[in-house]
Amino acid sequence: MRKTLKSIALSMLLVCGVACTDVTVHATQLASAESAVVDIEAYEVEEGALNAGEQITLNLKLKNNSEVTDAKNAVVTFESMDGALAPIYGDDNQIYVGTIPAGQTVNVMIEAVVNKQYKADATPLKCYFTYVSGASALNNTVVINIPTNVAGILQAESVVVAENATVGVNALVSVRCKNGGTTTITDAKLVVTGNVQEDNKEILLPAISEGKTIAEDYYVSFVESGIQNLQLELQYTDTKGNVCTIDCGEYKVNVTDKMAGTNYDAVVEQTEGTSAVVLKMILLGAAVCMIAGVTLGYLKKRR
């Protein structure tokens with residue numbers, strides 16, 4: 001009986017051993033600390049607005065958060081979670097991005113059409129990323145929320161101020177700014193703080209349409225001479241009635257007094273060179289000698 005039980009036990013152990021040799025464990029490959037990680041760093045509505053039946057263009061700023069590994073063959077697939085957005089005719093919902101270098105960003109434009117029945121305040125958009133990191137295929141999903149109405153967002157791109165000026169004479173101030181929102185900004189103004197004429201301290205800018213950039217030249221007139229500080233700001237009111245201020249920096253301008261009028265008597269001082277003085281001395285000496293010779297000859301004749 002004991003021998004029979006031992007035989008059965010050994011047989012079971014043998015069967016288990018054989019079975020174990022045929023088992024394959026499938027484990028999901030995890031991303032390492034050095035793997036590329038692609039996500040959305042920022043996004044904005046580049047053109048259009050979320051109005052029923054309209055077309056919009058989204059600008060996605062994608063970033064590879066790894067500092068050592070490139071994200072290769074990156075593809076982004078977007079999906080409107082509530083059906084508010086659809087690809088435009090002729091396009092699909094996938095965009096090939098290519099390589100995103102380690103630590104770098106790339107911009108991707110998504111063009112979509114708004115559903116004709118759209119009436120919401122915002123719409124969620126799912127962005128699904130696939131890419132190759134080293135020898136591994138990885139993916140990541142990000143959801144962004146696009147508001148229907150975005151207040152005008154004024155951005156100062158560049159400001160140029162003349163380095164030198166004259167009291168009472170117009171000095172150049174050039175401003176380049178962009179409306180990064182989806183509503184027109186109509187009350188933007190340039191606020192100037194410094195020793196300039198009163199009517200130069202607030203300069204109204206033209207209306208700036210959504211997504212548009214303007215570049216304008218203006219002039220200010222200083223009332224004092226010396227090194228003058230000029231503080232510049234952009235101000236506007238958003239759709240909620242809030243006054244927004246953008247600091248455009250402080251500039252130093254060398255301001256001089258007005259030049260004197262031209263109705264004055266000019267005094268010209270002539271300076272003779274050394275050679276001219278020597279020549280005059282030689283001629284003067286020769287003249288003295290001639291006069292002395294004539295005088296001596298005259299005295300001899302009288303004797």
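1. A disulfide is taken here as a pair of cysteine sulfur atoms within 2.5 Å, and a search of the whole structure under that criterion finds zero disulfides. The model is a predicted one, in which local features need pLDDT of at least 70 and side-chain atom pairs count only at pLDDT 80 or more, while totals for chains, interfaces and linings use all residues. Residues are numbered from 1 along each chain as its sequence is written, and side-chain values use heavy atoms, with hydrogens and water left out.

2. For Cys177, the closest cysteine sulfur is that of Cys248, and because the two sulfurs are 8.0 Å apart, they are too far from each other for a bond. Cys177 is buried, with 0% relative accessibility, whereas Cys244, at 21%, is partly exposed; buried means under 20% relative accessible area, exposed over 50%, and partly exposed in between, with a 1.4 Å probe and protein chains only.

3. Four strands form an open sheet in the order β5-β3-β7-β8, with antiparallel pairing. Its edge strands are β5 (94–100) and β8 (136–147), each of which pairs on one side only. Neighbouring strands of this sheet are turned by 20° against each other on average, direction ignored, where axes are lines fitted to C-alpha atoms and angles run from 0 to 180 degrees between N-to-C directions. Strands are DSSP runs (E, at least two residues) numbered from the N terminus, and two of them pair if DSSP finds at least two bridges between them.

4. Strand β3 is mostly covered, with seven of its ten residues buried. Eight bridges join β3 to the antiparallel strand β7 (residues 122–133); among the positions concerned, Val75 has Thr130 of β7 as its bridge partner, and Lys72 stands opposite Val132 in β7. Towards β5, which also runs antiparallel to β3, there are five bridges, and here Thr77 has Gln94 as its bridge partner.

5. I would also look at Thr69, which lies in the loop between β2 (55–64) and β3 (71–80). Is Thr69 buried or exposed? Thr69 counts as buried because its relative accessible area is 16%. Its side chain reaches the backbone oxygen of Glu34 at 2.5 Å, a polar contact being a pair of N or O atoms within 3.5 Å, of which, within protein, one must be able to donate a hydrogen and the other to accept it, and residues adjacent in sequence count only if both atoms are side-chain atoms. Leaving aside residues up to four places away in sequence, Thr69 touches Glu34, Ser35, Ala36, Asn64, Ala102, Ser133 and Gly134, where contact means heavy atoms within 4.5 Å.
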